[in-house]
Amino acid sequence: MRLHIDWTACDGRGACVELMPEVLDQDPWGYPIPKDGTRQPTVPPETMPYARKAVAYCPRLALRLLPPAA
Amino acid sequence: MTTLTRQSLLTEPAAPLPVLANGQLIGLLREAGLTGHGGAGFPTWRKLTAVAAGSRAVVIGNGAEGEPASAKDKTLLTRAPHLVLDGLQLAATAVDASDCYLYLPAALVNHVRHAIATRRDHRPVTVVTAPDTFVAGEESAVIAGIGGARPLPTDKRKLVVEAGLRGRPTLVQNVETLAHMAMIARHGPAWFRRHGTEAEPGTFLATVGGAVAAPGVHEVPYGIQLTDLLDLAGGPATRLSAVLVGGYHGTWLPRTDVPMSRTGLAPYGATPGAGVVHALPASYCGLMETARITGYLANQSARQCGPCRFGLPAMADSLHRLAAGERNRDLPRQVVALTGLVTNRGACHHPDGTVRLVRSALTVFADEIGRHLAGRCSTMEER
């Protein structure tokens, strides 16, 4: 799956970065940085449980999981 | 080839608009090879096809020209509003739109309303006023503004052509693209392809400004040499150090013997964009000018997305310090790091466009950066 970040909602609380260090880094202002440099980073299967948690627990509801790009 | 041998896009049409058969317009646009003139250059027929596939479509003519260096949409709407309105009717008919909007800066609303009042259009047009901000013309910001929300870019999970204004399939088309549609409907694709190149047919409206003798808007064929385009605007008013192509989200070019087409500009990482050409005189410091534009763009951030809100002002600050003569070797490194940090991270392409400008400045003005770090500036040598 791909992780979609709604940047207009994201406030840089950092829960997603803590849950998915394989996928996300944090910038100097606290906002997530996709480690693969893409707009919608790919979430590896073993990280999916944490990705689902991140989506559910994001205090700004800024995350979505989308199916892989066609 | 700098003069056009046919009716200009900046004059009102003499002949009435022909009645096209159902579905005919999309085929004509495909044959003509028309692409969008708002900057992205997407094939127009494909956008129309996608919107036509849905039901209760919306068509929006986008005349919000937030780019300070661009005047082509204002000039077109002032001189030939009926050409744009013709294009809007054609597009609305082609996708069977139930609603039709024209999004315009306040200064043009009355002028265009007068033009609308003299017509008997099949599909009524609602004029909506656009604010004069840089990001107001971005597709999702246009839809937000017309929908009654603040005219700011929104998060994109669905395509506008499928779910745009109030969730309906929406065609947002730059007003110049609409005018070209009206020309193609009258004169045909072969006529359209007489100018431009095989791969990039047709003409575009170029706004030529900065250090030229007669700044203004000109209709020119794709592939025109940048030198010839500058000559149409009276030629360089003085010795130039660089030319900004594509506007504030564009690219600095160190030379003018370059064809104005996607192919010709690709080696420089540039595109014709929305046709903005801005000549920088050698008496101006390229770093100072880049710092000024980056500061403006940082200020025009909608401040919705963190990387843009914090990254752009930081980038502008480092550039300003470098331009002002602070001899700190870390400053160029900071700028490079910030460009990497904001890329691909935002609801719209405002950070990415700003990065394009800044990265080209780091390349084209590399010697100037060296001079500044050594306590000098080329503009002092120029005087």
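This is a predicted model: local features need pLDDT of at least 70, side-chain atom pairs count only at pLDDT 80 or more; totals for chains, interfaces and linings use all residues.
I start with chain A. Its secondary structure consists of two helices and four strands. Going along the sequence, the order is β-α-β-β-α-β. The globule rule gives 11 Å for 70 residues, and the radius of gyration of chain A is 11 Å, so this chain is as compact as a globular protein of that length. Of the 70 residues in chain A, 26% are buried. As for contacts, take those in chain A with a separation of 6 or more: 60% of them are between residues 24 or more positions apart.

Now chain B. Here we have 16 helices and nine strands. A compact globule of 383 residues would have a radius of gyration near 21 Å, and chain B agrees with that, at 21 Å. The C-alpha trace spans about 65 × 45 × 35 Å along its principal axes. Buried residues come to 53% of the 383 in chain B. Among contacts in chain B with a separation of 6 or more, residues 24 or more positions apart account for 71%.

Next, helix α3 of chain B, which covers residues 72-79. Which of its residues are buried? They are Lys72(B), Asp73(B), Thr75(B), Leu76(B) and Leu77(B). What do these buried residues pack against? On the helix side, the partners are α4 (81-94), α5 (106-117) and α7 (175-187) of chain B. On the strand side, they are β2 (97-105), β5 (203-210) and β6 (216-221) of chain B.

You will find Val135(B) in the loop between β3 (126-130) and α6 (139-146) of chain B. Is Val135(B) buried or exposed? Val135(B) has 24 C-beta neighbours inside 10 Å, and the cut-off for buried is 20 or more, so this loop residue counts as buried.

As for what Val135(B) touches, leave aside residues up to four places away in sequence. The list then includes Gly66(B), Ala141(B), Leu152(B) and Pro153(B). Further along the chain, Gln300(B), Ala302(B), Cys348(B) and His350(B) are also touched by Val135(B). One distance to go with that: Pro151(B) is 16 residues from Val135(B) along the chain, and their C-alpha atoms are separated by 8.3 Å.

That is where I stop.

Definitions and conventions
Residues are numbered from 1 along each chain as its sequence is written. Chains are lettered from A and ligands numbered from 1 in the order in which they are written. The radius of gyration is taken over C-alpha atoms; the globule rule is 2.2 Å times the number of residues to the power 0.38. A residue is buried if 20 or more other C-beta atoms lie within 10 Å of its own, exposed if 12 or fewer, and partly exposed in between; C-beta atoms are placed from the backbone. Two residues are in contact if their C-beta atoms, placed from the backbone, lie within 7 Å.
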